[in-house]
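This report describes the architecture of a protein model and a selection of its residues. The sequence and structure are shown first.

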Amino acid sequence: VYGRIGLVLLVIVAGLVRVLPSYYTGLLTQIGIYALVTVGLNLFMGYAGQVSLGQAAFVGIGAYTSAMLATKAHVTPWIGMVAGAIAAALVAYVLSFVALRLRENLLALATLALGIVINVVFNEWEFLGGSSGIKDIPGFALGTFTFDQRAYAILAWALLALGIWFAGNLVRSTFGRSLIAISAGELGAEALGVDAERLKRQTFVLSAVYAGVAGAVYASSFTYIDPTSFSFLLSVNFVLMSVIGGIRSLWGAVIGAAVVVALGQFLQIAVPIVLPSARGDFQQFFLGVILIAMLILLPRGITSRIGEARA
Amino acid sequence: VIAQIWQYVLAGVVAGAIYALIAAGFVLIYQVTGIINFAQGEFAMIGAMTASALATGGMPVLEAAGIAVLAAAVTGALCYLLAIRPARAATGVTLIFITLGLDVALRGLALFVWGTNPLSLPAFSGGSAILIFGGALPPQALWVLLTDVVVFAALYLFFRHTYAGTAVRAAVANPPIASTFGIPLRTFAFWSFVAAAAIGGLGGVVVAPITSATYDMGLTLGLAGFVAAVLGGLDSLPGALVGGFALGIVEKLAGGLFSTGWEQGVGFLILVLVLVLRPQGLLGRAVRRA
């Protein structure tokens, strides 16, 4: 089912990019990239019942790895993408020994802290361009064809379709069932023979792989990255996408990412009309309010309502 | 070099005094409600911004400070009533996300009201820098330290020597039994948010003359407050004090000896180490497994 949903989405996007102006194509790419991260995050938060407030850092690791390889070593972003995923996975694997010993409150704090530490590394390590980041990141290419905005939209959504298909198979396997058991109660799951620690670690690493791949595509499609691209606020945005779509839902991630990106665009246009004096990142206020409202009114996300109606 | 290190330590003590105040608010809310309030730093931001904006408008500093603390307390009350109370049936992770939403929303709101430019607040009293063994402190530092003494003494007296304080301790120790004795848990939850916000706001007000006030100062302050609270033990007010000062000093040393960008990074490295090696904090009791 998930494979088909992914394919349908991909076909729709491939059709859309033919007619949409390039600005909107760019937004589609953004949605695809964010949704990919959120699918991974939902595996970790929604299915395994954990929490990560540092997912932006893994996106950053993927982006920096691919961008550094491309600018310094002239490695094609195709390989950079794989390297970015591996780098994010390795970091997540190492961090998991620290973070996954903790639960709920403290896990949230620890992932938040690790996310910020990684951001400090981006900022302070001159090798990575420091606070000015990396410019002119080479793009993807196939043969003689260099990717344009349309191609990036299709690439992002193709990866997203692949990601949803894989995650969809995963959650219906023993692995996925075990994750749900862990979220229902770790002790109970272990009593049933689930190796909770190992599964949580694998899921954490997998979510970092999703984020790393997304980061590599981000770096090449926007051609410029700096530490502020992967700040704490982006991690909060991923949580928001996850919550809006429903944290235990895979295609909810797509809805969540689309809603958050669309909302950002809408607010950027609407708020100055209502309040001409507003400046800067004022959308934050609405994102925060919406997050709270969602959690109070619809804690399992938009897709939970649709699911209930079907059942 | 020694003189320089001493200067960093003094700067760390001042920073630590603020962290301790924010950590205290954190501990209050966590003890009474079990919630980690990610919006804690924003209360300090609201205190600092309100006082600075009012003082820039011509109001005497102390008056502005008083109103600012009140504004922070009201914000805390509204946060509880509008966001926490309606979701009281929610589980841990949902509550984390809600306070995260509060944090983002308050920061966005501050951006609306005050814009991105930093505001400054005159020091509470004039005079030249204070010299301690060759290290210099701004006069405002005395106000910061004095605030710490007053706040922590007041908290101590409240919890140890008043009827209401004892009731709160009972509620923390065993909510269901305290409840059967007629102790109003929800009312306590409300007041813990108000008190935490007021203390955080006060911290923001007293530090504003040193650091100046910006709409986004809350995140950094709040995170430092978390680290301090976890370092000291989330269930310990003395721990908040110790954790605050320890963090402040280590941060300023790291910032001074390496690079200021590392200040925050070092704090978080400590946080991670503490979480792994001693999750109950320096002065906290061992965590009960639920």
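This is a predicted model: local features need pLDDT of at least 70, side-chain atom pairs count only at pLDDT 80 or more; totals for chains, interfaces and linings use all residues.

Residues are numbered from 1 along each chain as its sequence is written, chains are lettered from A and ligands numbered from 1 in the order in which they are written, and side-chain values use heavy atoms, with hydrogens and water left out.

**Chain architecture**

Chain A contains 13 helices and two strands; here helices (H or I, at least four residues) and strands (E, at least two) are DSSP runs numbered from the N terminus. Its radius of gyration is 19 Å, close to the 19 Å that the globule rule gives for 311 residues, so chain A is as compact as a globular protein of that length. That radius is taken over C-alpha atoms, and the globule rule is 2.2 Å times the number of residues to the power 0.38.

Chain B has 11 helices and two strands, and its elements follow the order α-α-α-α-β-β-α-α-α-α-α-α-α along the sequence. For its 290 residues a compact globule would have a radius of gyration near 19 Å, and the 19 Å of chain B agrees with this.

The table sets out chain-level values. Buried means under 20% relative accessible area, exposed over 50%, and partly exposed in between (1.4 Å probe, protein chains only).

| Property | Chain A | Chain B |
|---|---|---|
| C-alpha extent along principal axes | chain A: about 55 × 45 × 40 Å | chain B: roughly 55 × 45 × 35 Å |
| Buried residues | chain A: 58% of 311 residues | chain B: 54% of 290 residues |

Contact means heavy atoms within 4.5 Å. In chain A, residues 24 or more positions apart account for 79% of the contacts with a separation of 6 or more. In chain B, 76% of the contacts between residues at least 6 apart in sequence join residues at least 24 apart.

As to charge, chain A carries 17 positive and 12 negative side chains, and the centres of the two sets lie 10 Å apart. Chain B has 11 positive and 8 negative charges, with mean positions 18 Å apart. Lys and Arg count as positive and Asp and Glu as negative, while His and the chain ends are not counted. Each charge is placed at NZ of Lys, CZ of Arg, CG of Asp or CD of Glu.

**The nonpolar core**

In soluble globular proteins, nonpolar side chains tend to be buried together. A nonpolar core is here a set of buried Ala, Val, Leu, Ile, Met, Phe, Trp, Tyr and Cys residues joined through side-chain atoms within 4.5 Å. The largest such core has 219 residues, of which A:L43, A:L53, A:W157, A:I225, A:F238, B:F38 and B:F97 touch the most other members. Helix α1 (residues 2–33) of chain B gives the most to this core, with 15 residues.

Leaving out residues up to four places away in sequence, A:F238 touches A:Y34, A:V37, A:T38, A:L41, A:Q55, A:A56 and A:V59.

**Individual residues**

B:T75 lies in helix α3 (residues 61–84) of chain B and is buried, with a relative accessible area of 13%. Beyond its neighbours up to four places away in sequence, B:T75 touches B:F43, B:I46 and B:L106.

A:I180 belongs to helix α7 (residues 174–184) of chain A and counts as partly exposed at 28% relative accessibility. Its C-alpha atom is separated by 5.2 Å from that of A:Y47, 133 residues apart along the chain. With neighbours within four places in sequence set aside, A:I180 is in contact with A:Y47 and A:R248.

A:S131 is located in the loop between α5 and β1 of chain A and counts as exposed at 54% relative accessibility. A:S131 and A:D226 are 95 residues apart in sequence and 6.3 Å apart in space, C-alpha to C-alpha.

Most residues other than glycine have a negative phi. A:D136, in the loop between α5 (104–124) and β1 (141–142) of chain A, has a positive phi near 50° and is exposed, with a relative accessible area of 67%. B:S212, in the loop between α8 (185–211) and α9 (217–232) of chain B, has a positive phi of about 65° and is partly exposed, with a relative accessible area of 26%.
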